[in-house]
Amino acid sequence: MSRRAAVSSTLRHPDFRLAATDMAGTSLGIAAWGLVTGVAMVKSGMPVGMALFMSLVVYAGSAQLAVIPLMAVGAPLWVIWLTASCVNLRFVIFSSMWRSYFAHLPLRQRLAVGYFSGDVIYVAFMKRFPEPRPQPEQVPYFWGAASTNWLAWQVPSIAGILLANAVPLSWGLGFAGVLALLGVLLSLLFDRATWLATGVAATAAIAAFALPLKLNILVAIAAAVAAGLLMEAADRRRHKPALVLLPADSVLPPEEREQVEAGDVVPLREERHP
């Protein structure tokens, strides 16, 4: 199948349209967030061309908002890089989860998945496909969600960049951006671990607010990551894998093989003696 035919087939797939529908609810929040970020980049003194380049290439709203104040106050480059890296650490976790679904794809497609992936896309995808195994409809669904999210971000972001000088500060876009981020954040809180990590991050950010160069952001991220790791370690201690006795010549069925790979089951095979 040619590339054009593959793209056309993906666009016509029912799951592509389903993903676009699923993402419609958060698109307004993403759009407000993108508009605020675009205006903030130019208001901080960044040239329009560089702001457009950053929006299209970086495509990471939380990282952009985190480093813009640092760039505006002339923070050292290592602080800017470290802040952006810490903010985007969650994508390392996302990529490890995407592996179960997209590891079979060619490298070029996997790189594209990495660029277009995002928090809201990840949540919507995992709700639609909770079982970590490849399915034919997963790729169209991902691209439906990714296309909607990319347009919802880039169009308002570019508009904010181009119209930043015409937007007065009295409009209070900063507060609108906070509301948009809050809406996106609440959509990502779906279990006890995420709620705990968010609470720890908020507490740490407030406690370290007096630090210079917005270093309280790094403190909050480090505290949230540490809380998440402690929660995962505690869950592993409580959840002991089950033992399954297998005959010597038997083959694990697919369901039990997945449980073994996830660490939920430890197989013990009988030995055959002459």
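## Basis of the model

Residues are numbered from 1 along each chain as its sequence is written, and side-chain values use heavy atoms, with hydrogens and water left out. The model is predicted: local features need pLDDT of at least 70, side-chain atom pairs count only at pLDDT 80 or more, and totals for chains, interfaces and linings use all residues.

## Overall fold

The chain has 13 helices and two strands. Both are DSSP runs numbered from the N terminus: helices are H or I with at least four residues, strands are E with at least two. Of its 274 residues, 34% count as buried. Buried means under 20% relative accessible area, exposed over 50%, and partly exposed in between, with a 1.4 Å probe and protein chains only.

The chain exposes about 16,300 Å². Carbon and sulfur atoms supply 69% of that area. Accessible areas come from the Shrake-Rupley method with a 1.4 Å probe; for residues, only the protein chains shown count as cover. Among contacts between residues at least 6 apart in sequence, 71% join residues at least 24 apart. A contact means heavy atoms within 4.5 Å.

## Helix H6 and the cores

Helix H6 covers residues 90-102. Its 13 residues should span 18 Å at 1.5 Å a residue, and its end C-alpha atoms are 18 Å apart, which agrees. The expected span is 1.5 Å times one less than the number of residues. Phe-94, Trp-98, Tyr-101 and Phe-102 are buried in H6. Their cover includes helix H7 (107-116), helix H8 (119-128) and helix H9 (138-162).

The largest nonpolar core holds 27 residues. Such a core is a set of buried Ala, Val, Leu, Ile, Met, Phe, Trp, Tyr and Cys residues joined through side-chain atoms within 4.5 Å. Trp-98, Phe-102, Ile-121, Phe-125 and Phe-142 touch the most other members. Helix H2 (14-43), H6, H8 and H9 each supply at least two residues of this core. Beyond four places in sequence, Trp-98 touches Ala-103, Ser-117, Ile-121, Tyr-122, Phe-125 and Phe-142. A second, separate core has 15 residues, including Val-42, Met-46, Leu-70 and Val-79. In soluble globular proteins, nonpolar side chains tend to be buried together.

## Cavity and pocket

The structure holds one cavity of 30 Å³ or more. On a 1 Å grid over the protein atoms alone, a cavity is a set of points where a 1.4 Å probe fits but cannot get out; a pocket is an open set with protein on both sides within 12 Å along at least five of seven lines; lining residues have an atom within 4 Å of a point. Grid points are joined across faces, edges and corners, and a volume is the space filled by probe spheres set on the points. The largest cavity contains about 190 Å³ of space. Its lining has 15 residues, with Trp-33, Gly-61, Gly-118, Asp-119 and Asn-149 nearest the centre. H2, helix H4 (61-72), H6, H8 and H9 each give at least two lining residues.

The second largest pocket has a volume of about 630 Å³. It is lined by 16 residues, and Ala-6, Val-7, Thr-10, Gln-109 and Trp-143 lie nearest its centre. Helix H1 (3-12), H7 and H9 give two or more residues each. H1 supplies the largest share, six residues.

Asn-149 lies in helix H9. It counts as buried because its relative accessibility is 9%. Beyond four places in sequence, Asn-149 contacts Met-23, Ile-30, Tyr-59 and Ile-121. Tyr-59 sits in the loop between helix H3 (48-57) and H4. At 10% relative accessibility, Tyr-59 is also buried. Its phi is near 45°, a positive value in a residue other than glycine. Most residues other than glycine have a negative phi.

In H4, the buried residues are Gly-61, Ser-62, Ala-63, Gln-64, Ala-66, Val-67, Ile-68 and Leu-70. Just after H4, Gly-74 takes a positive phi of about 75°. Ala-84, in helix H5 (residues 77-87), touches Ala-63 and Val-67, leaving aside residues up to four places away in sequence.

## An exposed loop residue

Phe-209 lies in the loop between helix H11 (192-207) and helix H12 (216-238). Phe-209 counts as exposed because its relative accessibility is 61%. Phe-209 and Val-219 are ten residues apart in sequence and 9.5 Å apart in space, C-alpha to C-alpha.
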